[in-house]
Amino acid sequence: MQEINWTCCPLVAQNPITRAFIEQIAKERKSKSTIENYSRDLNDFLTAFPDTPFAELLEADESRIADYVDWLWKREAQRSDGQASDRSKITYITGSHLAPATIRRRVGTVRNFYQWSIRLRHRRDSINPVREGVRGRERGLVPVLTSVPWIPDEQQWKAILIHVLTKCSTRDQAIVLLAHDGALRREEIVLLRVDDIDWRTHTIAIRAEMTKNRLPGTIVLSHPTWSRLKEYIEGDRAALIKCYGGASQGPIFLSDSQRNPGQPISKWTVKDIFDRMRDELHLPQLTPHKMRHLMLTELKKSGMELLDVSRYARHRSLSSTEIYLHTDLSELARDVNKAHRRLETLIAQVEAESHDSI
């Protein structure tokens, strides 16, 4: 069974039923991040009803779930470690401090919990109180808002690289460039180990147990990324291990803070690196995950087959990969303008004929 971080979900840990739900997910070998998301989401649900007995909450109806959804739209954002988030200052166009995708995930967790409770007969009512939407027929509790996808254009990507190479430490340079080259998720970045590196081929193995979908993979490193990664491992990282101890073949990226020097960094460290870049470069949509979007889009534009892009992304389905692929607006404009040429030609002919007939 996967190890469970009960400190992140104290209310869940205290209740035998919710605890059993998380333990079953862990026994099913879900990824560590999935287990933590379920744990935190379910704890969030219990937090919303501090004065409601659990037995009553277990038999909740749709109106009680509607209260929870309304609470989610109104509540402020928090970091997963329980601290106040700097993103609490951000208000989405919906008026919420939480992203709609986050709200959908939390509601989905509650739906899965009730479905599990019904199957195991913890809940007497056999109807799941969390309504699920049916595409084309019935809307779910949280609307799916569509937006124009964003990745850095060439000028923005150049500005990001200038910032990284001139203002970031060698470690942070390696993190940003590695996030791009490997199309890595935050959790994957912090779990990379030195013994995953193939020093001969300049590649890094992605172990199945560290990925969201339990799919292994291989990162092919560009020369700039390889040189900075090598410089960091042989320089700053080696110095941290010498001073504070640690496994030479262990996690690649170590903390250089005074609070926990030499310890493996967390995904929040990666987030903080990108948050600083986002603020200094005035790119509010910049996140670590956008490096993943950017790399997969670049692979497709370079001529790689979609199936191979999907394998590099460690996706189980092509449809998952397609979500990540973006068309640069300048390229889109060029392609649309090609289609406009026939219209322009026809209008020119009509104007010329009209002029001749006068």
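In the predicted model, the charged end of R186 is placed over the ring of W268, at 5.3 Å from the centre of that ring.

A pair of aromatic rings is described by the distance of the centres and the angle of the planes. The count of aromatic pairs comes to 12. One of the pairs is formed by F45 and Y114, whose ring centres are 6.2 Å apart and whose planes meet at 80 degrees; because an angle over 60 degrees counts as edge-to-face, the pair is assigned to that class. The two residues belong to distant parts of the chain, with F45 in helix 3 (residues 32-47) and Y114 in helix 6, a separation of 69 residues. Both F45 and Y114 are buried. These two residues also belong to a cluster linked by ring pairs, in which F21, Y38, F49, Y68, W71, F113 and W116 take part as well.

A further arginine, R124, is found in the loop that runs between helix 6 (100-119) and helix 7 (154-167). The relative accessibility of R124 is 74%, and R124 is therefore classed as exposed, the cut-off being over 50%.

Definitions and conventions. Residues numbered from 1 in each chain as written. Predicted model: local features only at pLDDT ≥ 70, side-chain atom pairs only at ≥ 80, totals over all residues. Heavy atoms only, no water. Helix = DSSP H or I, 4+ residues; strand = E, 2+ residues; numbered from the N terminus. Buried < 20%, exposed > 50% of the residue type's maximum accessible area, 1.4 Å probe, protein only. Phe/Tyr/Trp six-rings, centres within 6.5 Å; stacked < 30°, edge-to-face > 60°. Lys NZ or Arg CZ within 6 Å of the ring centre and 35° of its normal.
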